[in-house]
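Subject: Structure handover

Hello,

Here is the structure I promised to pass on. Please open it alongside this note.

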Amino acid sequence: MSAQERPTILVVDDERGPRESLRIILKSNYHVLTARTGAEALEILRTSPVNLVTLDLNMPGLRGEEMMHTLRRDFPATEIIVITGWGSVESASQAVRHGIADYLQKPFDVVQVTAAVTRALVRQMGRCRMAAFLQSLGNTLGRGREIARILADLDSSPFLHGQLQGAIDQAFQHAEQVAEPLQRLQMLEVLAETIEAKDEFMLGHARRTAYFAALLTDRLCLSTDLRERIRIAAFLHDIGKVGVPEELLAKPGPLDGEELEIVENHADVGARIVLPMGMDSDVAEAIRHHHERWDGRGYPDGLEGDTIPLASRVVSLADTLDAMTCARPYRPARDREKALAEIRRCAGSQFDPELAKEFCALMENQSSDLPAEVMAEVISGSTLERASAVPSVSEGGNRT
């Protein structure tokens, strides 16, 4: 990584010893700038992009709390780590109020400092990704109220709060080069579960669809990379429904033409949502085409046969099985045998005939005494209740 690509850290301390120690500790991995006073630090911040500031609180001129307030007001994207020899409960409380990333006491050591810096930069990366994601989501949906509703859902649900915190905590355990893609995926997974939480009939659908898809990819002996991309696409396949009004998702009857167009748009919206997050283009393509049909009568592009991505064909089968074997507002769940019979009937029209044959054989010959739906919940560690998706294409409504 070149010096220009490295994160920039500004060390602010009026004492030469701690200032130089921090510079030496950090210079091998980061571009390090130094300042002796708050005023000097602000001048640097106004002329150079800085990712992180390490800040001594007891300096001449601009004092600690005033400096933190100014940084937060003028440079909100810059992370702050307080490193001070004059720590107190009051100064720690002030630091928390200003949203600092960490609070270290002098004398510090190498492990302590490097760990704090890594955590702070991962937090910044996650926050920037989430901000960019919400911005792209707003651009995609064209409705700010949907984003507001997502954030309100996150705030009101202890479960989703826990999921989001878990994503952040797990990211902190990884090196920087791993944390970024990990956070992207986990934020999308949290959003997927936020969408499901809108309706009891959607809960658990993403995890079960991913589980069924994973079983089929194992049977097909696909490469490890392709199996993982399909699993991710299966989990995120309905993420575009963030733009669909709740009343349409839960409508206990047929959709009219305009309503159907809104719901069907979720495949395109889903692909457009994951791309700005840096997800693999194959994942986005799989999401976009998971409602295409083998006979070319699907959506959004009317692809047919082998022109439909393999990942989309796998997700389509997994999605449909879970939709049919779970209850909906207007009908009870079908049993496994009837659902598989329907998939066989639609092989060659809705589904890839060879994949449908393999999938049905797989579902009929499972060795486990537990239903696959239960196994999916156990393996994923989810406590979500069993629920449904919306109807499959073969059932006369493109709402799966």
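Below is what was found, from the whole chain down to single residues.

**Overall**

Please keep in mind that this is a predicted model. The protein chain has 400 residues, and 51% of them count as buried. It holds 18 helices and five strands. Among contacts between residues at least 6 apart in sequence, 66% join residues at least 24 apart. The chain exposes about 17900 Å². Carbon and sulfur atoms supply 53% of that area.

Now the pairings. Strand 1 (residues 8-12) pairs with strand 2 over five parallel bridges. There, Val12 has Ala35 of strand 2 as its bridge partner. Strand 1 also pairs with strand 3, again in the parallel sense, over four bridges. Strand 3 is joined to strand 4 by four bridges, and the two run parallel. Val53 stands opposite Ile80 in strand 4. Leu55 has Val82 of strand 4 as its bridge partner.

In a regular strand the side chains alternate between the two faces of the sheet. Which residues cover the two faces of strand 3? Leu52 and Thr54 lie on one side, Val53 and Leu55 on the other, and all are buried. Strand 4 is likewise covered on both faces. Glu79, Ile81 and Ile83 are on one side, with Ile80, Val82 and Thr84 on the other. That makes six of six residues buried in strand 4.

**The cores**

In soluble globular proteins, nonpolar side chains tend to be buried together. The largest nonpolar core in this model has 43 residues. Leu317, Leu321, Ile343, Phe359 and Met363 have the most contacts inside it. The elements that give it two or more residues are helix 9 (205-219), helix 10 (224-236), helix 13 (266-274), helix 14 (281-288), helix 15, helix 16 (336-345) and helix 17 (353-364).

Met363 deserves a look. Leaving aside neighbours within four places in sequence, Met363 is in contact with Phe212, Leu215, Leu321, Arg336 and Leu340.

Helix 15 covers residues 310-324. At 1.5 Å a residue, its 15 residues should span 21 Å. Its end C-alpha atoms are 22 Å apart, which agrees. The helix is mostly covered, with 14 of its 15 residues buried.

Helix 10 passes the same kind of check: its 13 residues should span 18 Å at 1.5 Å a residue, and the end C-alpha atoms are 19 Å apart, which agrees. Buried residues in helix 10 include Ile230, Ile232, Ala233, Ala234, Phe235 and Leu236.

**Single residues to look at**

Most residues other than glycine have a negative phi, and most peptide bonds are trans.

- A cis peptide bond joins Lys106 and Pro107, with omega about 0°. Pro107 lies in the loop between strand 5 and helix 5 (110-141).
- Tyr299 and Pro300 are also joined by a cis peptide bond, with omega about 10°. Pro300 sits in the loop between helix 14 and helix 15.
- Cys221 has a positive phi, near 55°. Its place is in the loop between helix 9 and helix 10. Cys221 counts as exposed because its relative accessibility is 66%, and the cut-off for exposed is over 50%.

One more residue, Ala341, is in helix 16. Is Ala341 exposed, buried or partly exposed? At 40% relative accessibility, it counts as partly exposed. Its C-alpha atom is separated by 8.5 Å from that of Cys360, 19 residues apart along the chain.

Best wishes

Definitions and conventions. Residues numbered from 1 in each chain as written. Predicted model: local features only at pLDDT ≥ 70, side-chain atom pairs only at ≥ 80, totals over all residues. Heavy atoms only, no water. Expected span 1.5 Å × (residues − 1). Buried < 20%, exposed > 50% of the residue type's maximum accessible area, 1.4 Å probe, protein only. Pairing = 2+ DSSP bridges. Core = buried A, V, L, I, M, F, W, Y, C linked by side-chain atoms within 4.5 Å. Contact = heavy atoms within 4.5 Å. Areas by Shrake-Rupley, 256 points an atom, 1.4 Å probe, with all protein chains shown as cover.
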